[in-house]
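Here's a quick briefing to go with the model you have open.

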Amino acid sequence: MIYVDDQGCTTCKLRLSEWHQFRQLLEALAPGKIAYQLLFDGKQIDEIRFLLKTHAWNNPLYWDREGKMNKKYNFPKNEAFRCFLLDKDERVLLVGNPVYSEAIRELYIQYFAEQLQK
């Protein structure tokens, strides 16, 4: 799950081209087993729809126009830590955005590789 607000440059924060590449890598590792969710906190709906359409993002998108999720969970201010790997019961397994950090990317890949061996 990726949490994004509309403060600052949304395109810069989302990095959808990099997500596309990362998704392709994970899909090769675990075909059809990983779902992506984008939680958007803000009112710039048209901009987000345009970005998602341009980058063929066809995964679930949740709008939180009132910022209720951030109030409830108090997401970190640092954008790099607003991305979570959740299990099927929505428990947090990893924290960190794999398109922001090579080290986090490797943690995600290692996690999926280990899961496939089980």
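Helix α3 spans residues 45–54, and Ile 45, Ile 48, Leu 51 and Leu 52 are its buried residues to look at. They sit on the same side of α3, because the arc they cover around the axis is only 130°. Keep in mind that this is a predicted model.

**Just past the helix**

- Ala 56 follows α3, and its phi is positive, near 50°.

**The space inside**

- Rolling a probe the size of a water molecule over the atoms shows where empty space is left.
- Here, the structure holds one cavity of 30 Å³ or more.
- The largest cavity has about 30 Å³ of space in it.
- Which residues line the largest cavity? The lining is made up of Ile 2, Tyr 3, Val 4, Lys 13, Glu 79, Asn 97 and Tyr 100.
- Strand β1 (residues 2–5) gives the largest share of that lining, with three residues.
- Sorted by class, the lining of the largest cavity comes out as four nonpolar, two charged and one polar.

Notes. Residues numbered from 1 in each chain as written. Predicted model: local features only at pLDDT ≥ 70, side-chain atom pairs only at ≥ 80, totals over all residues. Heavy atoms only, no water. Buried < 20%, exposed > 50% of the residue type's maximum accessible area, 1.4 Å probe, protein only. Helix = DSSP H or I, 4+ residues; strand = E, 2+ residues; numbered from the N terminus. Arc of directions from axis to C-beta. 1 Å grid on protein atoms, 1.4 Å probe; cavity = no way out; pocket = protein on both sides within 12 Å on 5 of 7 lines; lining within 4 Å. Points joined across faces, edges and corners; volume = space filled by probe spheres on them. Nonpolar A, V, L, I, M, F, W, Y, C, P; charged D, E, K, R; others polar.
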